[in-house]
Amino acid sequence: KVLEIGSFSGSSAAAFSKYFPNCEIYCLDINISNFKFYSKKIHVFGLNSSNSKMVSKFIKKIKLQETFQYFDIIIDDGSHKLSDQLNALNHFYQYLANGGFYIIEDYKFPDYFKHLNDVNDIKIDELADNILKKRFFSSSLISSQVINLLLDSTKKVYRYKGNTDISDIVFFEKT
């Protein structure tokens with residue numbers, strides 16, 4: 001099960017469904033009018049992943065499905081605003097399966113683009129460092145329950161640089 005936050009047209013979801021024939025893909029985007037790719041394996045939801053009421057409604061809806069337990073992969077490729085990255089992590093990390101990966105694409109965009117650094121809070125790079133060192137940190141957007149979960153259940157953190165100076169991706173592997 002894959003959760004993609006920020007699906008735009010759905011091309012990544014289409015690729016996942018082709019290369020992972022047994023997967024179910026849940027796509028979240030604030031504007032689904034651009035979505036072009038559909039299949040029985042792709043489930044599209046129009047919602048703002050920073051809106052806790054919308055997220056709760058989404059989680060309740062998919063929990064009603066007999067086959068849903070946890071997501072194996074969660075990919076945040078949404079707005080790239082720091083507040084949205086932290087809110088999504090707060091809302092969704094608890095639904096990541098053991099052995100799964102939580103991925104944040106372009107996680108350093110708030111460093112590169114000032115308008116995306118929209119809150120005075122911990123940046124994803126600092127958060128990753130604290131998780132690796134098993135050091136508690138505080139956040140106004142991530143609950144202490146989720147912080148403890150991150151610290152207790154993150155097996156490894158992988159950071160990669162892309163083909164450009166501003167493309168960075170981070171993977172949190174859950175134990």
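## Aromatic pairs

Rings of Phe, Tyr and Trp (its six-membered ring) are paired here if their centres lie within 6.5 Å; planes under 30 degrees apart count as stacked, over 60 as edge-to-face and the rest as tilted. With that in hand, a search of the whole structure turns up ten aromatic pairs. In one of them, the ring centres of Phe101 and Tyr158 are 6.4 Å apart and the planes meet at 45 degrees, so this pair is tilted. Phe101 belongs to strand 5 (residues 96-105) and Tyr158 to strand 6 (residues 154-161), so the pair ties together parts 57 residues apart in sequence. Strands (E, at least two residues) and helices (H or I, at least four) are DSSP runs, numbered from the N terminus.

A word on the model before going on: it is predicted, so local features need pLDDT of at least 70 and side-chain atom pairs count only at pLDDT 80 or more, while totals for chains, interfaces and linings use all residues. Residues are numbered from 1 along each chain as its sequence is written, and side-chain values use heavy atoms, with hydrogens and water left out.

## Around Phe101

How exposed are the two partners? Phe101 has a relative accessible area of 27% and Tyr158 one of 24%, and both are partly exposed (buried means under 20% relative accessible area, exposed over 50%, partly exposed in between, with a 1.4 Å probe and protein chains only).

Phe101 also pairs with Phe171, this time edge-to-face, at 6.3 Å centre to centre and 85 degrees between the planes. Here strand 5, with Phe101, is linked to strand 7 (residues 168-174), with Phe171, across 70 residues of the chain. Phe171 is partly exposed too, at 22% relative accessibility.

## Lysines over rings

A charge sits over a ring if NZ of Lys or CZ of Arg is within 6 Å of the ring centre and within 35 degrees of the ring normal. Lys174 lies over the face of Tyr93, 5.4 Å from the ring centre, and Lys18 lies over the face of Tyr19, at 6.0 Å.

Lys18 is part of helix 1 (residues 11-19) and counts as exposed, with 61% relative accessibility. Its C-alpha atom is 9.9 Å from that of Lys41, which is 23 residues away along the chain.

## The buried side of helix 6

Which residues of helix 6 (residues 144-153) are buried? They are Val146, Ile147, Leu150, Leu151 and Ser153. These buried residues pack against helix 3 (82-92), helix 5 (124-132), strand 6 and strand 7, where contact means heavy atoms within 4.5 Å.
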